[in-house]
Amino acid sequence: MARPSEYNFDLCVEICDKIAEGNNVKRILDSESKYPDWTTFRRWKMNNEELRTLYVNAQQDKAIALENEIDDLRDLLTTKEIDYPTYNALVNTVKWKMAKFYPKVFGDKTILSGDPDNPINTNHSILNIDPLKDATDDSAKENIES
């Protein structure tokens, strides 16, 4: 059976549901011939606002689904099926993925703020670094040139 090339919203909903469950989009597309190939799916996503929205929401749901994976890893650690260094490496990988899929919730947050009595100020200056231009007398110019 040939892979589809014409946009099919219902098929996209099915694909995005699998993404939301925590699956990899390329693996989903490769899993069945009824799904489009990666290039076709990307083109559909680029040309269809409804699919873009659906895909973004699925990625956010995927990040939340990955929380369950961390719980599963914790269970493996407590039953001693994996050791702590393995657990730590796997959890850090999952946390990184979560931050990439849903940075607003799981990403690192950087907040710049100042003390109310001493706020952060930004000053912009232009420095003239041409020493010959700044020399005010001939003796200064001679000292710089020698």
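Modeller: What follows is a short chat about the fold, the cores, the cysteines and the rings.

Modeller: This is a predicted model, where local features need pLDDT of at least 70, side-chain atom pairs count only at pLDDT 80 or more, and totals for chains, interfaces and linings use all residues. Residues are numbered from 1 along each chain as its sequence is written, and side-chain values use heavy atoms, with hydrogens and water left out.

Biologist: How many helices and strands does the protein chain have?

Modeller: The protein chain has eight helices and zero strands, counted as DSSP runs (H or I, at least four residues, for helices; E, at least two, for strands) and numbered from the N terminus.

Biologist: What share of the residues is buried?

Modeller: Of the 146 residues in the protein chain, 24% are buried. Buried means under 20% relative accessible area, exposed over 50%, and partly exposed in between, with a 1.4 Å probe and protein chains only.

Biologist: Which residues touch the most other members of the largest nonpolar core?

Modeller: Ile15, Ile19 and Phe41, in a core of 15 residues. Helices α1 (9–20), α2 (25–31), α3 (38–47) and α4 (49–78) each supply at least two residues of this core, and α1 gives the most, with six. A nonpolar core here is a set of buried Ala, Val, Leu, Ile, Met, Phe, Trp, Tyr and Cys residues joined through side-chain atoms within 4.5 Å.

Biologist: What is Phe41 in contact with, leaving aside neighbours within four places in sequence?

Modeller: Cys12, Ile15, Val25, Leu29, Pro36, Leu51 and Tyr55, where contact means heavy atoms within 4.5 Å.

Biologist: Switching to cysteines. How many disulfides are there?

Modeller: The count comes to zero, with a disulfide taken as a pair of cysteine sulfur atoms within 2.5 Å.

Biologist: Why do Trp38 and Phe41 count as stacked?

Modeller: Their ring centres are 6.4 Å apart and their planes are at 25°, so the pair is stacked. Trp38 is partly exposed, at 26% relative accessible area, whereas Phe41 is buried, at 0%. Ring pairs link Trp38, Phe41 and Tyr55 into a cluster.

Key: Phe/Tyr/Trp six-rings, centres within 6.5 Å; stacked < 30°, edge-to-face > 60°.
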